[in-house]
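Good morning, and thank you for coming.

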Amino acid sequence: MRLSSIAFRNVRRHLWRSALVFVVIAASVAVVTSLYLVTRSAERDLENKVDEYGANIVVVPRSEELPLSYGGVQVGGLTYDVEPLHMDDIAVIRGIENGENINLVAPKLVDSAEVGGVRVLTVGVDWASELSLKRWWTVVGTSPSGAGDVLLGDRAARHLGLGPGDPVEVRGERLTVAGVLEPTGTQEDDLLFLDLGVAQRLWDRPDEVSFFEVAAWCATCPIEDINAQISAEMPYARVSAVLKAAESRRILIGQFRLFTLVLSVLMVLVGCLIVLVSTLSSVRARRGEIGIFRSVGYRRQHIFKIILLENLALALVGGLAGLLVAAVVHAPMARAVAQVRETMPLSPTDLALALVASLLVVLAASLYPAGRAAALSPTLAMKRV
Amino acid sequence: MALIEVDGVRKEYGDAACRVVALHEVSLEVEAGEYAAIMGPSGSGKTTLLSILGAMNPPTSGSLRIDGIDVYDLSQERQADLRREYIGFVFQQLELVPYLSALENVMLPLAILKEGGKRERALEVLARVGIDEQKGRRLPSELSGGEQGRVAIARAIVNDPPIILADEPVGSLDTSTGRQILDQLRTLADGGHAVVMVTHNPDSTADVDRVIQILDGSVSCDDGPKFCAIPN
């Protein structure tokens, strides 16, 4: 027989107390681990699907601007010394230090044209990157993909009286309306989109780009770092971060992370308190028994060890049960709470960390009651002293 | 040199506002192989004296030497070691640990030792008090009162301590079981152990070598059982 035998017998003997501590530890580990996995899954989901949330960086030509006002009345402005951007800049953007974090670069050439007697703003785009970037677009008709295709915004289509399949003449080139965008509520409703190469040729601006929309994500660095790197490589361009859906989601995930942190800390504190109170109560109920141990020669450290072993055994079993629960519930929880489709599995490192953490927390909560037990006098074995 | 030497022990409880003196300058010696009974009415201080003899309750003043070692000069941890090496206790309610088997109760003092052969040693001691291995596997609640008493004695002697302290060992037992316990204590004394038993029952002192009578915290008589008659 060893001290551990005494500890484990006690765990079995005080079943209600053991069950309470077990459930508290298991619930704490399950909740904290599940919340951690949900948060990590949401972050990973955001990294993987950042292009679904649109661009978060815009690169435009650097220009000098002179605002004009007279007597406090704004009368317009002057833009001068504009150095246009070019298609080669795509390689420059992708070549930055955090280039692997660049998901998409969507170049655009903006100009205007008279179509059927109506002046419209035209945007030359690379269909593949543009459609990947604007996942929220709903196209009535067919999705544009070829050089002869045109995509109209909802209001532009109504002004021009055009619909899917209609021919349209732009600067003398006969093109076809492949589709019309459902209303987006943005400026896009007034635009005529056409192929970038065709636009560069029709406006005689070969290789020229008005601006780039960039979808980038970096889990370990702020998006400002990527901005700074692009700015450094393209001193002739102005790079701006755009707070769009991805950033909003990042903020939301950040808030969720904070919430989970607070909840986890609360769970751990409540768990600690329950372990502490139930252990103190158990020590109080076993004063006579501890007195016997002390009277037969057990040192204070032996009593300390017995109490700690009891709680650590429960922490180990409770921790494993909690991890099992977390492994089962975190995926549906992530789907329900964060709309995450692919969740992160429970890795061996997570498993080891969670177990070590639960052991350490229970150890910390048990130190005071174990100390109280160790300080009990052997005379407690003699009820009449 | 006596095995147990108590010199001018005084024990007070409470604070200055409410002080109770449990023992007044008690001095006595107990030799190896001696079977002594401490007798006295309730509240006379006999259990306090036993707890002081057991290295469990430091006196307010005075000293206790066991085998020449000044017990209360030792650290608490060394006092625990001394209890394990020198003293075996038999408590009033026997105080067996209810969730451990009889064998495990006997092994209790050995559990903190690293040496092997603990189980064999415990079985041998159990056999000496008449408990076989099969009964040793039972919980205390599954044993008769007499068997529980014998297990308590086995636990007290499993370390082969030179001193056995018994606190009212027959107080809660029927006459037959009590007789068995007293016989065991006599056997231990005959085997060379110093046995000190606290009792308030004169019938328990029939076999003792010596009666130490305590009244109001002082030794009022220290002689053979025939000479220290206890007023009930």
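Predicted model: local features only at pLDDT ≥ 70, side-chain atom pairs only at ≥ 80, totals over all residues.

Let me begin with a question: in which hand, right-handed or left-handed, does helix 6 of chain B pass helix 7 of chain B? The crossing is right-handed. By handedness I mean this: a crossing is left-handed if the near helix is turned anticlockwise from the far one by less than a right angle, and right-handed if clockwise.

Residues are numbered from 1 along each chain as its sequence is written, and chains are lettered from A and ligands numbered from 1 in the order in which they are written. Helices (H or I, at least four residues) and strands (E, at least two) are DSSP runs, numbered from the N terminus.

The term pLDDT is the predictor's confidence in each residue, from 0 to 100. Chain A has an average pLDDT of 86, and 89% of its residues score at least 70. For chain B the average is 87, with 96% of the residues scoring at least 70. Within chain A, confidence is lowest in strand 3 (residues 73-80), at a mean of 54, and highest in strand 8 (residues 149-152), at 96. The model as a whole scores ipTM 0.89 and pTM 0.69.

Let us return to the two helices of chain B. The axes of helix 6 of chain B and helix 7 (residues 175-190) of chain B come within 8 Å and cross at roughly 20°. Axes here are lines fitted to C-alpha atoms, for helices over the stretch in contact, and angles run from 0 to 180 degrees between N-to-C directions. Helix 6 of chain B is therefore roughly parallel to helix 7 of chain B. For these words, angles under 35 degrees count as roughly parallel, over 145 as roughly antiparallel, 65 to 115 as roughly perpendicular and the rest as oblique. Among the residues that make the contact are B:Gly145, B:Gly146 and B:Gly149 of helix 6 of chain B, and B:Gln180 and B:Gln184 of helix 7 of chain B. Two residues are in contact if their C-beta atoms, placed from the backbone, lie within 7 Å. By class, this contact has four nonpolar, seven polar and one charged residues. Ala, Val, Leu, Ile, Met, Phe, Trp, Tyr, Cys and Pro count as nonpolar, Asp, Glu, Lys and Arg as charged, and the others, Gly among them, as polar.

I turn now to the sheets of chain B. Two strands pair if DSSP finds at least two bridges between them.

Strand 1 (residues 4-14) and strand 2 of chain B pair over eight bridges, with B:Lys11 opposite B:Leu23.

What, then, of the two chains together? In all, 25 residues of chain A are in contact with 26 residues of chain B. Helix 1 (3-13), helix 9 (287-295) and helix 10 (300-338) of chain A each supply at least two residues of the side that touches chain B. The residues of that side divide into ten nonpolar, seven polar and eight charged.

Finally, helix 1 and helix 10 of chain A have axes that come within 8 Å and cross at roughly 50°, which makes helix 1 of chain A oblique to helix 10 of chain A. Their crossing is right-handed.
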